[in-house]
Amino acid sequence: MTDELQTPAPPLQQQGEDGVRVIYDPIADTPTSYLREPEEAHPPMDYQGYKSTALRHPKQPLIYLPQTITEITGPQLGPVLMGENDNDLTVQHDGEPIGERIVVSGRVFDTEGKPLRGTLVEIWQANSAGRYMHRWDRWPAPLDPNFSGAGRCITDDEGRYTFTTIKPGPYPWGNHYNAWRPAHIHFSLLGRAFTQRLVTQMYFPGDPFFPYDPIFNSVRDPKARERMVSSFSIHDTVPNWAHAYHFDIYLRGPGATPFEEAH
Ligand SMILES: [Fe+2]
């Protein structure tokens with residue numbers, strides 16, 4: 001630990017209509033260091049089956065930098081950043097999007113099982129026909145003028161997030177002959193520290209494309225692959241409205257085991 005780490009982070013202040021106000025309190029129990037994850041914890045950056053990784057992976061070994069206050073504090077987020085419909089992707093346009101309406105929810109924990117409140121959860125996804133509203137996505141599936149496919153929310157005091165959206169369709173991606181991505185929702189999470197950033201994909205149970213998808217299978221540990229698959233939740237369904245999937249997420253935890261102080 002460096003001296004720099006012992007300096008408490010100042011509260012972020014913002015000039016509002018009623019003067020200077022604190023928009024996010026420093027979190028007293030933020031650890032002073034975070035675990036280094038083993039290399040096998042994530043897919044390799046150069047994975048033969050996923051062709052484009054050959055061009056974009058780093059050619060030199062990674063250099064680990066010491067964690068400083070920059071990595072262990074922030075991001076400074078708060079509910080003031082959220083729009084009213086940011087976590088409901090079905091009401092962001094004049095009309096209703098087409099497809100299976102679903103609720104996707106879960107909780108965000110650190111590796112010690114502590115719920116992480118105030119975590120920014122962002123998602124992006126294809127529409128029900130498997131097409132993104134993006135200028136580079138030109139495959140012949142219909143766009144839905146009532147579905148942009150992007151949402152965000154901040155976890156509550158129990159680490160819980162909820163989205164209402166449309167179940168995405170699978171899409172072809174040209175990696176190899178007859179390559180189709182299993183239906184998925186992209187997730188980005190920003191925990192209490194920048195070292196807890198996680199970008200991942202959520203899948204749906206029983207997808208027939210799992211065995212053929214190099215991206216899904218680049219996570220080589222079968223148990224880790226299971227953790228990317230949501231579960232159907234009858235409990236979270238909304239009668240006569242939406243079915244539901246549950247997806248819990250674990251971010252990196254503290255680097256040291258806390259001990260009680262001697263009495
Ligand atoms: Fe995708």
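Take the contacts in this chain that span a separation of 6 or more: 70% of them link residues 24 or more positions apart. Contact here means heavy atoms within 4.5 Å. Keep in mind that this is a predicted model, where local features need pLDDT of at least 70 and side-chain atom pairs count only at pLDDT 80 or more, while totals for chains, interfaces and linings use all residues. Residues are numbered from 1 along each chain as its sequence is written, and side-chain values use heavy atoms, with hydrogens and water left out.

**The overall picture**

The chain has four helices and 13 strands. Both are DSSP runs numbered from the N terminus, with helices being H or I of at least four residues and strands being E of at least two. Of the 263 residues, 41% are buried. Buried means under 20% relative accessible area, exposed over 50%, and partly exposed in between, using a 1.4 Å probe and protein chains only.

**What sits inside**

The largest nonpolar core has 23 residues, and Val 121, Tyr 161, Phe 187, Leu 189 and Ile 249 have the most contacts inside it. A nonpolar core is a set of buried Ala, Val, Leu, Ile, Met, Phe, Trp, Tyr and Cys residues joined through side-chain atoms within 4.5 Å. Several strands supply at least two residues each, including β3 (101-110), β9 (184-190) and β10 (198-203). There's also a second, separate core of eight residues, with Phe 210, Ile 215, Ala 224 and Met 228 among them.

Now look at β9 and β10, which run antiparallel and are joined by six bridges. Strands pair if DSSP finds at least two bridges between them. Leu 189 stands opposite Leu 198 in β10, and five of the six residues of β10 are buried.

**The iron ion**

Which protein residues are the donors of the iron ion? They are Tyr 132 (OH), Tyr 171 (OH), His 184 (NE2) and His 186 (NE2), lying 1.9 to 2.2 Å from it. Donors are N, O and S atoms within 2.8 Å of the metal (3.2 Å for Na, K and Ca), and water is not among the atoms, so sites may look incomplete. Along the chain, the donors follow the spacing Y-x38-Y-x12-H-x1-H. Tyr 171 lies in strand β7 (residues 171-172) and His 186 in strand β9, so this pair ties together parts 15 residues apart in sequence.

The angles between the four donor atoms run from 91 to 159 degrees, which makes the arrangement irregular. To count as tetrahedral, four donors need all angles between 85 and 135 degrees; four count as square planar and six as octahedral if opposite donors are over 155 degrees apart and all others between 65 and 115; anything else is irregular.

| Residue | Relative accessible area | Class |
|---|---|---|
| Tyr 171 | 12% | buried |
| His 186 | 12% | buried |
| Val 219 | 11% | buried |
| Asn 178 | 55% | exposed |
| Asn 240 | 83% | exposed |

Val 219 lies in the loop between α3 (214-217) and α4 (222-226). Val 219 and Pro 43 are 176 residues apart in sequence, yet 4.8 Å apart in space, C-alpha to C-alpha.

Asn 178 isn't a glycine, but has a positive phi of about 55 degrees. Asn 240 isn't a glycine either, and its positive phi is about 60 degrees.
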